[in-house]
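Here are my notes, written as if we were sitting at the screen together. Have the structure open and click along as you read.

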Amino acid sequence: MRDLTYPPIIRTAKVAFKLLGLRFDLRGTEHVPRTGGALMVYNHVSYVDFILGGLAAHPSRRLVRFMAKREVFDHPVAGPLMRSMHHISVDRAEGVASFDEAVRLLRAGEVVGIFPEATISRSFELKEFKTGATRMAAEAGVPLIPVVLWGTQRLKTKGHPQDFSRGKTIAITVGEPLHPSGANSVADTAHLKSRMARMLDETIRRYPDDEQPPGSWWLPAAYGGSAPTMEEAARLDSEERRERAQRRAARRAAKGA
């Protein structure tokens with residue numbers, strides 16, 4: 001697979017990281033295989049997770065082909081860039097095509113990245129996982145690599161102003177590979193989520209105290225922060241879906257008028 005734009009984009013991103021004064025705490029990157037297909041599974045707390053999440057594979061000199069919603073690919077600027085880096089468009093109404101494309105790339109020896117929560121977690125804790133990740137890894141016959149990101153939500157996330165001021169720590173924890181059998185995708189997914197919940201707890205607890213004081217909006221309520229609880233986050237998500245549906249209906253009505 002030819003990559004003409006991905007390497008220079010990575011170099012540009014690394015320059016931007018330095019200008020932002022980001023500090024990186026990477027753990028467990030040795031678990032990313034240097035050759036062969038692998039599925040990297042990430043938690044989702046920020047709009048920039050797919051940019052920073054790829055760093056987990058850089059020590060192994062791998063490029064991650066992220067699965068992202070179709071709307072990103074429809075953008076006149078972002079779309080061509082995403083396609084040039086061989087990322088995978090996900091149309092939620094036609095999920096089979098993106099699943100099959102990911103399996104094809106995995107079998108071809110590529111590293112694919114997926115967010116099983118599908119949307120950003122407002123509580124910054126793990127939402128329910130879709131079973132697609134474990135089914136994909138089992139069908140392709142590749143290891144599933146759990147990855148936890150923390151601190152990315154401080155840059156740009158849902159419901160908060162973006163903040164690219166200098167000096168933030170980005171913690172990335174890579175876990176030992178899992179090998180789902182595919183016999184029971186629900187059980188495999190529960191095991192994956194349990195593993196990532198432990199990794200998330202460890203990552204939050206090792207994050208610098210001076211950057212994460214009690215009451216911080218980016219810290220889950222369970223850890224003394226002021227982020228929404230999971231129940232509050234679910235209510236906000238429901239309200240957002242309802243508002244989007246109303247806007248879509250209004251646009252359809254305007255076109256039909």
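1. Ground rules. This is a predicted model, where local features need pLDDT of at least 70 and side-chain atom pairs count only at pLDDT 80 or more, while totals for chains, interfaces and linings use all residues. Residues are numbered from 1 along each chain as its sequence is written, and side-chain values use heavy atoms, with hydrogens and water left out.

2. The largest pocket. It holds about 1700 Å³ of space. Of its 48 lining residues, Lys69, Arg92, Glu117, Ala118 and Thr119 are the closest to the centre. A pocket here is an open set of points on a 1 Å grid over the protein atoms alone, where a 1.4 Å probe fits, with protein on both sides within 12 Å along at least five of seven lines; lining residues have an atom within 4 Å of a point. The volume is the space filled by probe spheres set on the points, which are joined across faces, edges and corners.

3. Who builds that lining? Helix 8 (230-256) is among the elements that supply at least two residues each, and helix 8 gives the largest share, 8 residues. Helices (H or I, at least four residues) and strands (E, at least two) are DSSP runs, numbered from the N terminus. By class, the lining has 21 nonpolar, 9 polar and 18 charged residues. Nonpolar covers Ala, Val, Leu, Ile, Met, Phe, Trp, Tyr, Cys and Pro; charged covers Asp, Glu, Lys and Arg; the others, Gly among them, are polar.

4. The second largest pocket. About 480 Å³ of space lies here. Its lining has 27 residues, with Ile9, Ala13, Phe50, Ile51 and Leu52 closest to the centre. Helix 1 gives the most, 7 residues. The class count is 22 nonpolar, 3 polar and 2 charged.

5. Serine 98. Look for serine 98 in helix 5. Is serine 98 buried or exposed? Serine 98 counts as buried because its relative accessibility is 5%; buried means under 20% relative accessible area, exposed over 50%, partly exposed in between (1.4 Å probe, protein chains only). Leaving out residues up to four places away in sequence, serine 98 touches Met67, Ile88, Ser89 and Val90, with contact meaning heavy atoms within 4.5 Å.

6. Strand 5 (residues 111-114). Both faces are covered: Val111 and Gly113 on one side, Val112 and Ile114 on the other, are all buried. Strand 2 runs parallel to strand 5, joined by 4 bridges, and valine 41 stands opposite isoleucine 114. Strand 3 also pairs with strand 5 in the parallel sense, over 3 bridges, and there valine 64 has valine 111 as its bridge partner. Two strands pair if DSSP finds at least two bridges between them.
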